[in-house]
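Good morning. I will walk through one structure, starting with a few helices and ending with some single residues. Please look at the sequence and the model first.

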Amino acid sequence: MILALGLTACGDRNRQPEPDTATVVTATEAPAFASPTLQAVKRRGRLNCGVHEGLVGFAYTDNRGEWRGFDADFCRALAAAVLGRPNAVRFVPLTASQRFDALRGGRIDVLWRATSWTMSREISEGIRFAGVNYYDGQGFLVRRSLDLASAQELNGARVCVQRATTSELNAGDFFRARGIEYRPVVTANEETARTAYQREDCDAFSADISALAAARTLLPNPEQHAILPDVISKEALGPAVKRGDESWTSVVRWTLNALILAEELGVTAANADQLAKDSRDPQIRRLLGVEGDLGPTMGLSRDWAKNAIKASGNYGEIFARNLGPDSALDLARGLNAQWNARPGGLIYALPIR
């Protein structure tokens with residue numbers, strides 16, 4: 001009996017204590033939606049939006065000094081969503097080498113500058129991408145007089161590329177993988193690359209196809225130049241924000257999705273107000289803030305999405321005006337068509353509910 005009691009006591013000493021259920025804390029509530037960047041934008045009364053220093057179709061100044069373009073319109077839509085005023089935006093032109101420093105340093109609140117979403121950028125540059133608003137790919141612009149059918153015929157060619165861009169890396173990968181000799185002509189930005197190509201300092205200009213289409217419109221005789229059929233990369237372009245403010249990332253992401261969903265549902269800049277009054281479609285009513293409190297949960301007004309749509313139109317309107325049939329670039333929707341179009345593309349809005 002004494003031996004048994006001793007063994008029992010030893011067992012009690014070695015047994016792990018039962019957890020006190022009264023002291024176990026389980027996180028059951030989501031953290032509050034709070035964004036330092038959003039608060040800073042509201043205090044300032046202005047959105048600082050980083051854009052290209054001059055790329056036709058995406059971000060450029062017109063004859064009156066007004067910013068125009070695909071990316072510029074998304075900046076205005078975001079300003080309208082956050083501040084209720086599409087013109088409450090300061091455009092900050094940035095080169096490729098400046099853009100991420102400007103974002104990390106707080107000089108801009110969002111970077112909407114035809115920037116490709118890559119793994120290395122999210123890991124190494126201290127940024128987060130909020131979505132994709134244009135699916136692109138890299139190609140080659142050449143003179144028709146060269147009578148080329150493919151980029152694989154550029155053996156020994158001089159190829160203009162921009163420094164500190166994915167274009168420089170992609171061109172090197174393309175030629176190296178095929179054992180093709182080429183000579184890179186590395187320039188500071190798109191304008192100097194285009195100028196070098198125009199001076200015939202290089203035989204081809206390699207960049208995103210949308211950028212090549214824009215560059216061609218600025219050449220003295222655009223019809224004398226062709227974009228080769230080769231697409232050598234996947235370039236998902238979209239807005240980037242500084243890492244560490246998840247709530248601000250959500251504000252940018254859902255503003256972009258609101259514009260995409262608006263096109264899918266047939267909501268335009270012209271009919272948004274009327275649909276807010278008359279539509280019985282629950283999706284439209286939620287999008288326009290008639291039902292639900294989705295805007296206030298992000299620290300925005302109930303009609304945040306309606307304000308964004310009225311600022312520049314839905315995704316399709318923004319595309320047509322700046323890149324599509326209503327623009328000098330006249331680019332087809334292609335991959336940037338809605339997912340349910342015929343033929344379908346990759347543009348797909350996340351559910352707003």
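One term comes up throughout: contact means heavy atoms within 4.5 Å. A second one is about naming: helices (H or I, at least four residues) and strands (E, at least two) are DSSP runs, numbered from the N terminus. Buried means under 20% relative accessible area, exposed over 50%, and partly exposed in between, with a 1.4 Å probe and protein chains only.

Two remarks on where the values come from. This is a predicted model, in which local features need pLDDT of at least 70 and side-chain atom pairs count only at pLDDT 80 or more, while totals for chains, interfaces and linings use all residues. Residues are numbered from 1 along each chain as its sequence is written, and side-chain values use heavy atoms, with hydrogens and water left out.

I begin with helix H14, residues 315-322. How many of its 8 residues are buried? The count is 6, and H14 is mostly covered. The buried residues are Tyr-315, Gly-316, Ile-318, Phe-319, Ala-320 and Asn-322. Their cover includes H3, strand E7 (134-136), H9 and helix H13 (304-312).

Two of those covering helices, H3 and H9, also meet one another. Two packed helices are described by the angle between their axes and the distance between the axes. Axes here are lines fitted to C-alpha atoms, for helices over the stretch in contact, and angles run from 0 to 180 degrees between N-to-C directions. Angles under 35 degrees count as roughly parallel, over 145 as roughly antiparallel, 65 to 115 as roughly perpendicular and the rest as oblique.

Now the pair itself. The axes of helix H3 (residues 70-83) and helix H9 (residues 246-265) come within 10 Å and cross at roughly 115°. H3 and H9 are therefore roughly perpendicular to each other. On the H3 side, the contact is made by Phe-74, Ala-77, Leu-78, Ala-81 and Val-82. On the H9 side, they meet Trp-248, Val-251, Val-252, Thr-255, Leu-256 and Leu-259. By class, the contact of H3 with H9 has 10 nonpolar, 1 polar and no charged residues. For these classes, Ala, Val, Leu, Ile, Met, Phe, Trp, Tyr, Cys and Pro count as nonpolar, Asp, Glu, Lys and Arg as charged, and the others, Gly among them, as polar.

H9 also packs on H14. At what angle do the axes of H9 and H14 cross? They cross at roughly 95° and come within 6 Å. That makes H9 roughly perpendicular to H14. Leu-259, Ile-260 and Glu-263 of H9 make this contact with Tyr-315, Gly-316 and Ile-318 of H14. By class, the contact of H9 with H14 has 4 nonpolar, 1 polar and 1 charged residues.

Next is helix H6, residues 166-177. H6 has 12 residues and reaches 16 Å from its first C-alpha to its last, close to the 16 Å expected at 1.5 Å a residue. That expected span is 1.5 Å times one less than the number of residues. The buried residues of H6 include Thr-166, Ser-167 and Asn-170. Among the elements covering the buried residues of H6 are helix H5 (119-124), strand E8 (138-143) and strand E11 (204-208). Just after H6, Gly-179 takes a positive phi of about 65°.

Strand E11 holds Asp-208. Is Asp-208 buried or exposed? At 10% relative accessibility, Asp-208 counts as buried. Its contacts, not counting residues up to four places away in sequence, include Ser-116, Asp-136, Ser-167 and Glu-235. Ser-210 lies in helix H8 (residues 209-217) and is buried, with a relative accessible area of 2%.

Last, some backbone details. Phi of Ala-164 is near 60°, a positive value in a residue other than glycine. Ala-164 is found in the loop between E9 and H6 and is partly exposed, at 39% relative accessible area. Asp-330 has a positive phi of about 50° and is exposed, at 52%. Finally, a cis peptide bond joins Arg-342 and Pro-343, with omega about 0°.
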